[in-house]
Amino acid sequence: METQAGRALPVSLEILGAGRRIADELGTPLTALLLGAQLEEAAQEAIWHGADTVLAVEHPRLASYRTALHTAAAARLLLREQPAVVLLGATPNGRDLAGRLAVRVRAGLTADAVRLNLSQGRLAAYKSGFGGGILAAILAHTPIQMATVRPGVFPVPARDPQRRGRLRRVRIDLSGESDGARLLEEEQADEQEGPLKAERIVVVGRGAMGQLAPLRRLAGLLEAALGATRPVCDAGLLPRSFQIGTTGLTVRPRLLVAVGVSGAMHFMSGAEESETLVAINVDPQAPIFDQADFGLVGDAARMLPALLDALGEAVGARRSAA
Amino acid sequence: MPEVRPAGDGRLILDDERLEEVLELTQGAFLPCYQCGVCTATCPWGEVRPEPLSVRRIVRAAQLGAHPEAAALWQCTGCALCQSRCPKGVEIVRGLWGLRRAAFRRRQTPPELERLLWGTLEDGNPWGGAPRERARWARDLEVPRAGPGREVLLYVGCAVSYDPRLQRLARAACRLLEAAGVRYGILGEAETCCGDSVMAAGEDAYLEELIQGNIQAFREAGAETVVAISPHCLHMFREVYPRHGAEFEALHVTQLLARLLHQGELRFGSPEGGAVTYHDPCFLGRWAGEYGAPRELLEAAGFSLREMAACEAEAPCCGGGGGRMWLETDPGERLADHRVEEARETGAAALATSCPYCIQNFEDAAGAGEPLPVVDVLEAAARAL
């Protein structure tokens with residue numbers, strides 16, 4: 001499981017749900033592995049979300065993700081515990097760790113799985129290719145079978161504060177380990193990162209230039225990055241690094257919400273690999289509606305407040321349920 | 001090999017091998033240059049940027065076999081205003097494209113152009129549009145496919161096939177050709193990029209493959225005349241393809257339509273009124289020498305022409321050629337902004353042109369200030385049918 005500031009990432013809770021089902025089918029316990037500095041809260045959450053046991057490795061050098069140190073610690077535990085299946089979130093760090101770890105423990109690894117099941121007692125991890133055109137089932141024939149799981153694919157399992165489990169604190173000596181790197185500064189990624197790698201993007205178009213504040217809120221509620229079309233960057237509303245299209249970025253988000261974007265080729269050439277495209281535009285003839293999976297015809301200035309209210313309620317309800 | 005440094009740091013370190021490579025790739029284009037500098041003074045970039053693009057310096061470096069600055073090579077739009085005024089008749093753009101090939105070999109191509117190369121390789125168009133959607137603009141029209149008995153092949157081009165705004169040009173072209181009774185056809189989903197942007201990126205090996213594929217496709221379709229909507233495609237078919245064995249006649253769609261007008265095959269039943277100004281696209285005007293056909297069509301369709309001060313062979317560039325559609329230009333330095341201003345000064349009700357890239361750049365520029373409709377000659381003419 002991956003943590004940030006002591007809290008489990010959503011994808012780490014999602015893999016607990018996926019892992020619970022597989023563990024039950026295999027008849028084995030589900031163990032959550034946590035590596036970090038302060039793991040009390042995340043360990044408790046892991047149990048409430050379905051783990052039977054939590055292995056918590058607390059070490060000051062594991063406070064933030066370090067490829068070599070996390071690999072060394074996790075490899076030692078995996079070799080000792082010999083789990084049948086190991087799941088990680090397909091986050092940048094999760095994918096980084098999984099590759100090294102798989103080599104270290106001689107495990108077969110499927111990256112970015114979108115579905116998991118068992119086939120004759122072995123893990124079948126499904127991976128989409130060619131822009132979702134094919135779905136391949138991959139089986140590993142190694143004692144330990146690994147997969148990284150795409151965030152947002154599996155639901156977060158219900159949280160049950162009555163659930164009990166076992167917390168095992170494990171001490172690992174990292175004094176002989178070096179990662180050849182020195183941490184100078186840690187910076188939290190924020191919207192200034194731009195939309196390049198974002199899974200969800202809210203794009204501000206020429207027709208929504210006056211709506212930057214509500215669109216920022218929309219992005220916040222959707223946990224999305226902001227993106228922009230060329231005229232919006234020309235006007236200086238967002239930096240050039242946010243520009244999507246021919247002379248900007250090519251993005252491949254799971255969700256792209258285009259507000260006030262007409263859908264000209266120069267924009268679409270950078271956005272057409274979006275999995276789901278939602279368009280809001282005042283002009284029902286706008287070409288973006290030809291490409292969109294969902295279209296809302298209307299003035300963004302009038303639609304956004306209602307949309308934000310509804311989304312705010314839905315997100316609030318989901319958070320309080322969690 | 002001796003150390004080679006780029007020009008511009010005050011030193012030129014000469015390299016015989018490099019000199020030979022440059023001579024080969026530019027086919028000696030720069031040899032006649034005597035460094036008068038008219039090219040630098042002429043270059044439209046000097047109008048919008050604090051420093052002009054020093055064409056003369058690029059040529060000098062190449063003459064000596066030194067590396068020119070790669071970035072400067074891709075600043076050029078290929079508008080050919082410089083070479084139209086060159087007293088020695090130096091084929092500057094052809095030479096520059098040769099230098100781009102040398103730069104491509106050294107991986108000095110701007111990274112932004114990589115995408116257009118992949119798009120063309122994978123999808124047959126530099127915008128990465130799906131090949132099966134190439135003829136989507138024609139889905140509710142009965143546009144004939146090329147084949148026996150249809151000697152005129154209408155080559156639609158990538159930008160017109162995929163951009164919803166530009167698709168109107170293709171639809172207008174079909175209406176006009178049908179009205180004039182032309183037995184024409186399109187390749188539809190089988191049409192592939194002409195290679196204009198691939199050439200601009202400097203990738204010559206793949207360009208050769210593209211050209212040969214197209215020559216064969218045109219031949220199999222029985223095309224004797226290939227009619228292009230974009231002057232950039234026309235330039236490829238007229239100037240580049242014949243060097244690779246092509247034997248078909250290449251025309252711009254306005255050239256064919258003007259011919260039909262003279263023959264009495266094309267008539268306008270409901271001529272429009274109003275004054276328009278016409279911008280000569282570089283690749284139809286200076287490159288193909290065609291200034292009359294689009295103007296004749298506009299006038300026959302009922303429009304009166306109000307010329308801008310700089311027109312025909314003197315017309316400046318919109319900024320879209322030579323791969324510039326894929327490279328960002330800072331606001332305030334966009335050639336199209338200036339041209340749209342000049343068009344406004346004529347008092348014309350609309351700015352007409354006959355190139356998809358010009359349309360895109362002008363609409364972009366015209367959207368910012370006082371509205372000025374931008375129309376293609378095809379759209380204007382089709383309305384008057």
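**Questions on chain B of a predicted model**

Author: In this predicted model, B:Arg49 lies over the face of B:Trp45, at 5.7 Å from the ring centre.

Reader: What makes B:Arg49 count as lying over the face of B:Trp45?

Author: The CZ atom of an Arg must be within 6 Å of the ring centre and within 35 degrees of the ring normal. B:Arg49 is at 5.7 Å from the centre of the B:Trp45 ring and is listed as lying over its face. Another case is B:Arg100, which lies over the face of B:Trp97 at 4.1 Å from the ring centre.

Reader: How many aromatic pairs are there in the whole structure?

Author: A search over all chains finds ten aromatic pairs. One of them joins B:Phe237 and B:Tyr241, with 4.9 Å from centre to centre and 85° between the planes.

Reader: Why is the pair of B:Phe237 and B:Tyr241 called edge-to-face?

Author: Two rings pair if their centres lie within 6.5 Å, and planes over 60 degrees apart count as edge-to-face. The centres of B:Phe237 and B:Tyr241 are 4.9 Å apart and the planes are at 85°, so the pair is edge-to-face by that cut-off. B:Tyr241 also pairs edge-to-face with B:Phe248, at 6.3 Å centre to centre and 65° between the planes.

Reader: Which residues do ring pairs link into a cluster with B:Tyr241?

Author: The cluster holds B:Tyr155, B:Phe218, B:Phe237, B:Tyr241 and B:Phe248. Of these, B:Phe237 and B:Tyr241 are buried, and B:Phe248 is buried too.

Reader: How do you know whether B:Gly98 is buried or exposed?

Author: Buried means under 20% relative accessible area. B:Gly98 has 1%, so B:Gly98 is called buried. This glycine lies in helix H7 of chain B, residues 92-105. B:Gly98 touches B:Leu25 and B:Thr26, leaving aside residues up to four places away in sequence. The C-alpha atoms of B:Gly98 and B:Met199 are separated by 9.6 Å, although the two residues are 101 residues apart along the chain.

Reader: What makes B:Gln27 exposed?

Author: The cut-off for exposed is over 50%. B:Gln27 has a relative accessible area of 52%, so B:Gln27 counts as exposed. B:Gln27 lies in the loop between helix H1 (16-26) and helix H2 (38-42) of chain B.

Reader: What is the phi of B:Gln27?

Author: Phi of B:Gln27 is near 50°, a positive value in a residue other than glycine. Most residues other than glycine have a negative phi. B:Gln35, found in the loop between H1 and H2 of chain B, has a positive phi as well, near 65°.

Reader: At what angle do the axes of H16 and H17 of chain B cross?

Author: The axes of H16 (residues 335-345) and H17 (residues 356-366) of chain B come within 8 Å and cross at roughly 75°. Angles of 65 to 115 degrees count as roughly perpendicular, which makes H16(B) roughly perpendicular to H17(B).

Reader: Which residues meet where H16(B) and H17(B) are in contact?

Author: From H16(B) come B:Ala336, B:Asp337, B:Arg339, B:Val340 and B:Arg344, and from H17(B) come B:Asn361, B:Phe362, B:Ala365 and B:Ala366. The residues of this contact divide into five nonpolar, one polar and three charged.

Reader: What does chain B contain as a whole?

Author: Chain B has 18 helices and eight strands. Of its 385 residues, 59% are buried.

Key: Residues numbered from 1 in each chain as written. Chains lettered and ligands numbered in written order. Predicted model: local features only at pLDDT ≥ 70, side-chain atom pairs only at ≥ 80, totals over all residues. Heavy atoms only, no water. Phe/Tyr/Trp six-rings, centres within 6.5 Å; stacked < 30°, edge-to-face > 60°. Buried < 20%, exposed > 50% of the residue type's maximum accessible area, 1.4 Å probe, protein only. Axes fitted to C-alpha atoms, helices over the stretch in contact; angles between N-to-C directions. Helix = DSSP H or I, 4+ residues; strand = E, 2+ residues; numbered from the N terminus. Parallel < 35°, antiparallel > 145°, perpendicular 65-115°, else oblique. Contact = heavy atoms within 4.5 Å. Nonpolar A, V, L, I, M, F, W, Y, C, P; charged D, E, K, R; others polar.
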